[in-house]
Amino acid sequence: MKRGPCALAIALSIALSVVLNVAPKPVNAEDEASTPAAVPSAPALSPIEQALADLSSESAETRSAAVALLIEEGDASLIPKLDEIRATADRAVRQAIKPVVDLLKNRANLSSELPDYRRSAASDLASTGRREAIAWLEAAAAKEEVWWVRYTMEESANLLELRSGDLAARQTAIKKLGDLRSQNGLSTLQELIESGNAADATEEQKALISTATAAVSQIESWSTKATIMETIFRGISLSSILLIMSLGLAIVFGLMGVINMAHGELMMIGAYATFVTQQAFIAWLPPEHFDWYFPASLPLAFLASFGAGWLLEATVIRFLYGRLLETLLATWGVSLILMQSARVYFGDLTAVIAPQALRGGAQVMVGVYLPYNRIFIIILSIVCVVGIYYLLFNSNLGLRVRAVTQNRNMSACLGIPTRKVDSYTFAFASGLAGIAGWALTMVGNVDPGLGQNYIVDAFMVVVTGGVGKLAGTIWASLGIGGLNKLIEPFSGAVYGKVFILVGVILFLQWRPSGLFAAKGRSADA
């Protein structure tokens, strides 16, 4: 077989290279530098980074998987990145990101230094329906020291378990909610009972009926007790307001026999003095000193009403002693003048901002919330009563006041200046009204008709307790304030006051002198 020239040439070249052991040409530095380097491969993304990138995917399944991963493994440090993505994303991506941001914020707030933030975060997590939050809430509750915050965390964890757990877990959650007396879980438990009694109920729904019924019974029983406790507290709070308002009125009515219809406007003056002090602190002092306006306004409120009362007694009341109808009409006219003057100068409505210490309240037990401002007024009324008793029974001035109250003519014969006693006592009673107005700024707005809301009730307290008798004023204020709050849930505020008025009239028909018989000028007349 003949071989072609090409095949022969190839064979000769191979043999020659083997014999001569020809090596490959070495590469010098210049050639190596001129050779392009290999491009390094990009580092792999972490699961969190990949999930952040997948949030912008057009696939709903990919976005859902990314959301689940971010919720399970993410933390609050991702929130700025999520906000950046949400700022330029379309509506579908923004809707996917929002629950992630909310959950991560609430998870971070579970470890906040502020108890209110921790409690609010626990409540918000309960409304998400995400089972991932159960572990967060249980871990936070195990470290929580504030019982009411811990209660909210436990309640929220069980609410989530109730909505999404298996049968055994749901039964355990139902029992726990019943033991917690959870008002937030009551509606869900009632829905479980209704669904279990339905004709198309599943076996699992039927199995939950008995446990849910027992839990609902526990919650409703405790709710009744809590409502009674809160009603009693509201009654005591209203009684305290009436007591502070009535103390000065009882002194004036008992000592001088004056029906002072302007007593409510003297209280209004104390409230406006508090408002003016607040505005002065806002205008002239740094914001960090703002809360000090409230204690600073106490002496100003007392002095403003004290001065107004002294002026009223010197210009009007002193000429009308012993003439009840004339004092009623004259002071009523003064009250109209004061109300219109306040309306012209201050307007129809102003408000006083409560200092930080009097905002919020104390959750003393499940379902029983006591506002700090109401607690403050109760304590203030006790202080006022103790102070007045000390002044009347342990001071020279009090001795003179009691002497004039019991027998004015004999007191004058013994050298007591009855005219000065009348003036100072009326001014002091007006100052007490100013303190009442100072306190009432914490429970409502300041307006020209502030005093009119309490003057009728205050007169009923004074008459029912016995004219000029502080003990009667205390007991009457407790009775009228307490009955008012007990009747209101059944009849409403308006009819409640009507029933109280009818009751007072019937009581006075049976006991015209009130709870304690009056002495002094009014009794002698």
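Start by selecting Leu82, which is buried because its relative accessible area is 0% (buried means under 20%, exposed over 50%, partly exposed in between, with a 1.4 Å probe and protein chains only). You're looking at a predicted model, where local features need pLDDT of at least 70, side-chain atom pairs count only at pLDDT 80 or more, and totals for chains, interfaces and linings use all residues. Residues are numbered from 1 along each chain as its sequence is written, and side-chain values use heavy atoms, leaving out hydrogens and water.

Leu82 sits in helix α5 (residues 79-88); helices (H or I, at least four residues) and strands (E, at least two) are DSSP runs numbered from the N terminus. Now show what Leu82 touches: leaving aside residues up to four places away in sequence, that's Leu52, Leu55, Leu70, Ile97, Val100, Val101 and Leu104 (contact means heavy atoms within 4.5 Å).

Which residue in β2 is the bridge partner of Met365? Click on Val368. The two strands make a hairpin with 2 residues between them, and Gly367 in the turn has a positive phi of about 80°.

Last stop: select α21 (residues 455-465) and α22 (residues 470-491). Among the residues meeting there are Met460 and Val461 from α21, and Ala476 and Ile480 from α22.

Technical notes. Two strands pair if DSSP finds at least two bridges between them. Axes are lines fitted to C-alpha atoms, for helices over the stretch in contact, and angles run from 0 to 180 degrees between N-to-C directions.
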